[in-house]
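Today I am opening my notebook on where two chains meet.

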Amino acid sequence: MSAIAAKPGAAAGAFQPVASLIAIFFAIIFIGTAYWLLGSFGCLAVEALIGIIIGAALIAFGVHFVPVGGAPAAMGQSPGIATGVAMLATGAGLAGLFGGAWAAHIGLWVALAGGAIGGGLMMAITCLMVNISYVYGMGIPAASGKVEKDPITGDSQPEYKSQGTEGHGLPFISYVGGVFGGLLGGLGGTLIYIELLNFYNVILLPTSEGTNALAVGLAGIFAIGMFLVIAVLSAYNITGTIEGPHDPKFKRFPRAIVAAICASGICGLVALLVVAIF
Amino acid sequence: MQEIIIGIGVTAFAGALAAMAGAAEDTESNIGSQGDPNSQVQLAPQMGYTHRIYNKAVSGEPPAYTLWVTLACGIAWAFTMLHVNAMLAIIFGTVLATFVQGIYATTAYLGRTASLSKFGQPVFIDVLKSVTTVTMAHAFVAILTTVAACYLMSTMLQHPFALPLLGIVWGLALGAAGSATGNPYYGKERQYQNQKFGAGVPISASGNIVRYAEAGQRSSIDNGFFTAKFGGPASGLCFGLIVFLELWRTVLFEHSLDNWGAVGWGAVIVGALIIVLFMIIDRYVEIWARTNYGPYTAEA
Amino acid sequence: MSVKVEVSHDGVPHNTVMMKNGILALFFLYIAIAAASVAGDGSWSYPAIACVSGGIAAVFTLRWGNSTIKKLCSYGIGTGVPSAGMLAFGSGVIAMLFATKVNPFLVPIAGLLVALIVGLILGWISNSVLNMKIPVMTRSIAELAAVGCLTLMGLTAVATGDIGYDQITTGLTDPYASYISAGIIAVAFILGAIALQHPFNACLGPGEKQDRTDLLAIECGFLSMIVMAVISFAFVSQIAAWISFVIALIGWFVTYRQFFALSKRDAAAWLDAKPFSDAEE
């Protein structure tokens with residue numbers, strides 16, 4: 001993303017069982033607090049908060065699929081897309097949110113599917129243009145640096161890697177990973193948005209137009225804010241770059257999901273309380 | 001029917017605007033040297049290569065373009081509230097956003113370059129004057145077209161989001177698409193033009209960017225000449241396709257399956273088919289490269 | 001090949017910067033609230049005070065946040081500096097809107113507390129669950145959430161002349177035109193996020209100097225205030241908007257010129273239309 005790409009001092013270790021249990025415990029406390037504080041709207045709030053948490057977990061999982069190479073990718077030194085992981089995932093997720101919000105009046109499932117497809121479509125086009133740029137613009141074939149064979153197509157990778165690099169471009173597994181990450185991001189973002197929107201619509205009593213502009217404004221900015229928080233935390237988890245689902249770093253995703261559950265628990269709780277308390 | 005005809009027109013126009021935005025965005029970010037390739041511009045003086053390349057380290061392209069576009073959207077909205085004509089309001093918003101972009105660009109160049117004093121990298125005032133204005137001009141095109149597309153979505157297609165929220169969504173997507181497609185072409189192909197064609201830059205060559213132009217010393221404007229030939233149009237195509245297909249599948253197909261009881265699912269199914277189509281094209285491109293370029297052979 | 005993050009040794013310690021700017025920011029937010037609460041219909045002087053002090057509060061908060069970002073990012077957090085700004089405002093916006101619901105005179109304190117709680121949890125998650133093992137992580141993310149919250153309050157005050165929930169959710173003419181429902185909060189959000197991360201991101205390098213980075217934070221604050229002041233024409237009386245716009249413009253211009261002077265002081269050379277001389281030639 002920017003010139004800073006220094007690796008963190010601590011080697012990113014394994015799953016943290018104790019801390020993860022505490023985090024899950026916190027999340028349960030947040031859900032309980034929502035039920036207790038919101039009185040007559042308790043059940044609705046719990047339902048909304050659980051939806052938000054599921055959405056956040058989907059986003060955190062999805063970020064790990066998006067192949068991002070950071071600064072070295074811009075020099076063809078490592079595979080992946082040459083930009084920041086948090087921002088690329090957010091770009092896809094918000095493109096999905098655009099589609100999902102547009103279809104929100106039709107129904108929950110259509111909106112969710114529309115959001116997922118929106119995010120997937122954005123990544124499908126972007127990843128294709130990345131490969132076209134590498135192949136037809138710079139004459140470089142795609143090669144992964146982390147695996148010998150592409151797990152989907154079975155193409156061997158090392159001999160297509162140019163000298164002195166860790167690979168370049170997007171092998172098919174990375175492409176599929178990118179699309180899948182976009183799908184999950186769009187799905188999660190839309191789920192957060194719709195849960196918030198429905199809750200605000202009940203509490204704020206919508207105007208005759210059906211959709212209350214205030215509810216849309218609140219749900220929109222909160223969905224974007226929460227998406228950014230989850231995406232940045234997930235980016236911290238993979239320390240900036242990842243090749244896709246075949247990368248060894250992908251195995252770190254359980255940590256990010258636990259983190260997303262806890263983080264979205266507190267953010268979602270406060271976001272619900274904005275309209276429902278006092 | 002009337003609605004769909006208007007919708008198709010708006011879709012096509014928004015897609016065209018987005019294509020312009022993508023092309024201008026990539027050219028702007030390459031002239032200013034923003035995003036990932038800028039790490040090499042930052043690195044070069046530390047490796048002993050003084051240069052005259054701009055150093056527009058505002059942030060990555062996605063957050064930066066989110067700011068410019070959202071800003072222009074917000075100001076355009078405020079002016080329409082003051083009963084200014086919408087077209088004029090969009091231009092006012094864009095002008096102010098371009099001003100903010102220029103200020104951020106200059107402070108980033110001055111800040112980064114001054115902090116490199118240890119390596120003897122001077123601040124070039126003529127670079128500051130000439131390059132900043134050129135990036136502002138390209139940014140103006142990119143912002144104006146994106147805000148216009150957002151305005152169309154908000155008013156003609158009745159998207160529920162308010163204009164600045166659409167600005168966040170499409171500004172971020174613009175930056176993400178432009179940086180993803182355009183960065184490698186600037187970073188690998190232009191900054192390291194002296195390296196072998198058809199291969200990645202060896203890690204050992206990092207920092208040794210090309211610093212001389214056809215005549216004299218290269219400034220960032222020379223990079224714009226180059227990337228505008230491929231990176232810019234490719235980014236434009238990328239963002240244009242994203243906006244166009246996203247709108248097209250909804251406007252045209254959202255209610256196509258309503259008679260079969262699947263209300264609203266038409267857009268989803270068409271979107272899924274498009275994704276599969278792009279996947280097939282990508283696989284074709286990958287195989288084409290593998291068969292035509294072949295594996296790298298060991299250096300003699 | 002990545003660039004190493006190097007920061008200068010601070011002349012002024014972070015805790016001093018935090019206390020000084022945090023207290024000043026709260027002070028100016030309270031002036032804004034007090035001015036907004038006594039403002040009557042049609043008057044312009046009190047709204048003008050509210051707008052201007054909101055902007056100054058945002059400037060002080062950004063100075064605090066800039067110092068925090070510098071402390072956090074000197075460890076190398078694996079992804080760019082801008083992401084820290086996004087995290088700060090993503091959690092800050094939620095805390096800020098929650099705080100607007102309480103009694104007007106509790107808004108800044110409530111926002112600060114809620115943001116610190118949310119930030120502490122997020123920081124603890126990054127450090128323990130994600131196992132980043134950065135000593136200042138928990139504290140820094142808590143501080144950043146608070147900075148995000150207070151900056152948004154300041155910028156909101158510039159645009160609307162008030163921070164209360166009722167004021168930012170009801171429009172002047174139609175319900176679609178309030179600060180929230182028209183999405184202007186999104187402008188404040190991204191404006192603050194970039195202004196928070198920019199000073200350190202723009203000045204990083206071995207020659208980074210605390211006073212120059214700090215000055216850039218002030219400049220970014222006033223630049224953000226200019227934009228919000230232009231938007232405020234849609235919310236507050238024309239005279240009040242003009243006053244805050246002109247003050248923001250003056251503040252920005254003075255700090256921008258000062259920044260040029262400091263850059264000239266720190267730069268290796270200041271050349272106009274001269275080529276570089278290559279040591280190897």
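I take two strands as paired if DSSP finds at least two bridges between them; helices (H or I, at least four residues) and strands (E, at least two) are DSSP runs, numbered from the N terminus.

This is a predicted model, where local features need pLDDT of at least 70, side-chain atom pairs count only at pLDDT 80 or more, and totals for chains, interfaces and linings use all residues. Residues are numbered from 1 along each chain as its sequence is written, chains are lettered from A and ligands numbered from 1 in the order written, and side-chain values use heavy atoms, without hydrogens and water.

**Entry 1, strands.** I found β1(B) joined to β1(C), residues 270-271, by two bridges, and the strands run parallel. B:V123 has C:W270 as its bridge partner.

I looked for salt bridges (a Lys or Arg side-chain nitrogen within 4 Å of an Asp or Glu carboxyl oxygen) and counted one between chain B and chain C. B:K129 and C:D272 form a salt bridge, with their closest N and O atoms 3.4 Å apart.

I looked up contacts (heavy atoms within 4.5 Å): chain B brings 64 residues and chain C brings 60 residues. Buried area is the accessible area (1.4 Å probe) lost on being put together, summed over both parts; here I note about 4900 Å², 69% of it on carbon and sulfur atoms. On the chain B side, B:W77, B:Y104 and B:S115 lose the most area to chain C, together 13% of what that side buries.

Notes
Buried area = accessible area lost by both parts, 1.4 Å probe.
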